[in-house]
Amino acid sequence: MAKIYLDPGHGGSDTGAVGQGLQEKNVTLAIALKIRNILNNRYQGHQIRMSRTSDRTVSLTARTNDANQWGADYFVSIHINAGGGSGYEDFIHSSLSNQGVTGRYRQIMHEEVMKQVNFQNRGRKQANFHVLRESAMSAVLTENGFIDHAADAAKLKSDAFLEQIALGHARGIARIFQLSSKSSSGSSGNSGGSSNNQGGASSGAGKTNSIVDYLKSVGTDSSFANRARLAGSYGIQNYTGTAAQNTRLLNAIRSGGNSGNTSTGSSAKRVHLPASASTWRTYPLNVTPVKKNSDWSLTPSAFGGLTYTILAEPYPNVVTIQTGRGRRNIYIGPDTSARRL
Ligand SMILES: [Zn+2]
């Protein structure tokens, strides 16, 4: 279930930019509500939360805190530009490249919006905006025309044009998260999310094929950000949330981290680091596993506990595991909360 956070810029006492008889706060809200309607009417497999649904003052911090606490997968902030120019542009945070997950999401948003509007294309940009910096998930900020440019403003006064802007955003979001269309031709009982599944993860009644549903069922944060961290810890590189990666991640978690191959079979010994442990020191393989030699820490509590296949036991109660940073030793003696499986 993709969790989409829509953030209509400004609101209440903050009008945003004004020009040509328009106030930015009203245009951004109209567009965001239309995006929500399109997504809810035409697609399934998502949830939407909005920073505001009326003309209300909401601080930037309140917006990002709300999205972070909700565990959004994508933060979409909608704005109208001003200050001398014309056309559409969008932003990701200045620390991010176009090749990363957020950059690739933005590319899709950019393409889909530009398909729907006859705005001049001002390009894909980066900035250190609060909502891009303080959001814990991928985030994009779109600037949909210039409110103080006569031709842009004339378009923004047209409800049909705002609908086109919203359609572009909605199609971008739907493409990114592979939302399935609501079709009149009977969706069966288990439609939600299963259409995204390409790999045969199904292994019996009562087991879900959705990584998000699985994580929720074990009480673990299922946001994109946390899934990306989990994927890293299981050695899945460049996690973007594709169906194939999700299937691999689900299988990896279920099999205790042995995601790449099945050769070790069921005889593999595993160790579980419980959710009650906030950190767990790791040691490079070529050093004595004492505190001063620790190079990193796992964070079992962030994942509702972590389970690893034991690859070797070079010292008593010191085992070698595969982590997101390669093989590491960890200490799992009886004085710790680790449990051998
Ligand atoms: Zn703005």
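Analyst: Happy to! The zinc ion is coordinated at 2.1 Å by His10 (NE2), Glu24 (OE) and His79 (ND1). This is a predicted model, in which local features need pLDDT of at least 70, side-chain atom pairs count only at pLDDT 80 or more, and totals for chains, interfaces and linings use all residues. Residues are numbered from 1 along each chain as its sequence is written, and side-chain values use heavy atoms, with hydrogens and water left out.

User: What makes His10, Glu24 and His79 donor residues of the zinc ion?

Analyst: Donors are N, O and S atoms within 2.8 Å of the metal (3.2 Å for Na, K and Ca). The atoms NE2, OE and ND1 are at 2.1 Å, so they qualify. Water is not among the atoms, so sites may look incomplete.

User: Why is Glu24 called buried?

Analyst: Buried means under 20% relative accessible area, exposed over 50%, and partly exposed in between (1.4 Å probe, protein chains only). Glu24 has 4%, so it is buried. His79, with 11%, is therefore buried too.

User: How do you know that helix 8 is mostly covered?

Analyst: Seven of the ten residues in helix 8 (residues 224-233) are buried, among them Phe224 and Leu230. Helices (H or I, at least four residues) and strands (E, at least two) are DSSP runs, numbered from the N terminus.
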